[in-house]
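Colleague: Could you walk me through this one before I set anything up? I would like to start with the helices and then turn to the aromatic rings.

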Amino acid sequence: MSLRILVTGSSGFIGRALVTALASAGHWVRAASRARTALADLPGVEWVALPDLEGEVDWAPLVSHMDIVVHLAAIAHRSHIDSGQYARANRAATVKLVRECEAQGVKRLIFMSSIGAQAGSACDHVVTERDVPKPVTAYDRAKLAAEEEIRRLSAPFTILRPVIVYGPGAKANIATIMRIAALPVPLPFGAFQNRRSLLSIENLIEAVIVCLANPGTINRTFIVSDPEPISLAEMLSTLRAATGRPPYLIPFPPAAVRALIVAVGHKSLWDRIGRDLVASSADLQEVGWLPKVDTREGLRRMMKATMSLRRGHSK
């Protein structure tokens, strides 16, 4: 069945992939972003301007005549931002959107939260939806606060908590790891056996599509992650192999690396690369989500696509 779907934050890494997939599946998509993108030229896609989420957002014209709203738009991690900006853009603006969904009878709001709202950047056990949420950063606390408001209001919803998402065009931590892997020098991560859950962009898009089709996902919260976690050493080896290089990983003691990272004031970086964060997506798989992309194969494809793009830009 074709649906009319509003996607906020459509110009982002996830938004671009989602709008393209939904339009290809025959849905009519209203793509909302701060700037017009090439997505507006796709058949079945209408671009609309996304208001400043820190201001007084009028969601009514964006939500008008929509069956489904997928809310991706948010202020992401910025080192210089204050917690009040996160609260305004990532919680208060979401609350206004949910109320507009209620007023206009939208069938479902799908809210893209974050694994950080559940467990921060690291955890010493496998994370599930039944764990007590323990957000660490202002960004994560704002995401959890938005979740709580969504559950309190009456609009039908599905909340997704993805782990770090990878794929061609990924930014932030994944882009940094790719740059490190591409360095033509040995790396001191051979002894890093800590495990991290990752999520292919294709698998995340499939999760959204499953939620659209399955009434059993209404008013529920799901962690989204590839089924098999991967160690940092395995991740770097996989990315290097995609460039045709051997691993060149030196088994330097992780404790020494941690001491250096903490000494220069980047303990949060250590939590993201040196500690465990394994998250279970069993609940989502039980309602029919079947992740199609294996993590290692997905990482290889991402690295090859990125290197090909860089070569094209250098010509």
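This is a predicted model: local features need pLDDT of at least 70, side-chain atom pairs count only at pLDDT 80 or more; totals for chains, interfaces and linings use all residues.

Colleague: Okay, at what angle do α6 and α8 cross, and within what distance do their axes come?

Modeller: The axes of α6, residues 172–181, and α8, residues 232–242, cross at roughly 65° and come within 9 Å.

Colleague: And is that crossing left-handed or right-handed?

Modeller: The crossing of α6 and α8 is right-handed. On the α6 side the contact is made by I177, M178, I180 and A181, while α8 contributes M235, L236, L239 and R240.

Colleague: Switching to α5, what span should its 15 residues have?

Modeller: At 1.5 Å a residue, helix α5, which runs over residues 138–152, should span 21 Å, and because its end C-alpha atoms are 21 Å apart, the model agrees with that expectation.

Colleague: Is α5 mostly covered or mostly open?

Modeller: Mostly covered, since eleven of the 15 residues of α5 are buried. The buried residues of α5 include the charged-type side chains D140, K143, E147 and E149, as well as Y139, L144 and I150.

Colleague: Now the rings: how many aromatic pairs does a search of the whole structure find?

Modeller: The search finds two aromatic pairs. In one of them, the rings of F189 and F192 have their centres 5.2 Å apart and their planes at 75°, so that pair is edge-to-face.

Colleague: And what is the geometry of F192 with W270?

Modeller: The pair of F192 and W270 is edge-to-face, with 5.8 Å from centre to centre and 70° between the planes. F192 lies in the loop between α6 and β8, whereas W270 lies in helix α10, residues 267–273, so the pair ties together parts that are 78 residues apart in sequence.

Colleague: Why does W270 count as buried?

Modeller: W270 counts as buried because its relative accessibility is 8%, which is under the 20% cut-off. F192 is buried with a relative accessible area of 1%, and F189 counts as buried at 11%. Ring pairs link F189, F192 and W270 into a cluster.

Conventions:
Residues are numbered from 1 along each chain as its sequence is written. Side-chain values use heavy atoms; hydrogens and water are left out. Axes are lines fitted to C-alpha atoms, for helices over the stretch in contact, and angles run from 0 to 180 degrees between N-to-C directions. Helices (H or I, at least four residues) and strands (E, at least two) are DSSP runs, numbered from the N terminus. A crossing is left-handed if the near helix is turned anticlockwise from the far one by less than a right angle, and right-handed if clockwise. Contact means heavy atoms within 4.5 Å. The expected span of a helix is 1.5 Å times one less than its number of residues. Buried means under 20% relative accessible area, exposed over 50%, partly exposed in between (1.4 Å probe, protein chains only). Rings of Phe, Tyr and Trp (its six-membered ring) pair if their centres lie within 6.5 Å; planes under 30 degrees apart count as stacked, over 60 as edge-to-face and the rest as tilted.
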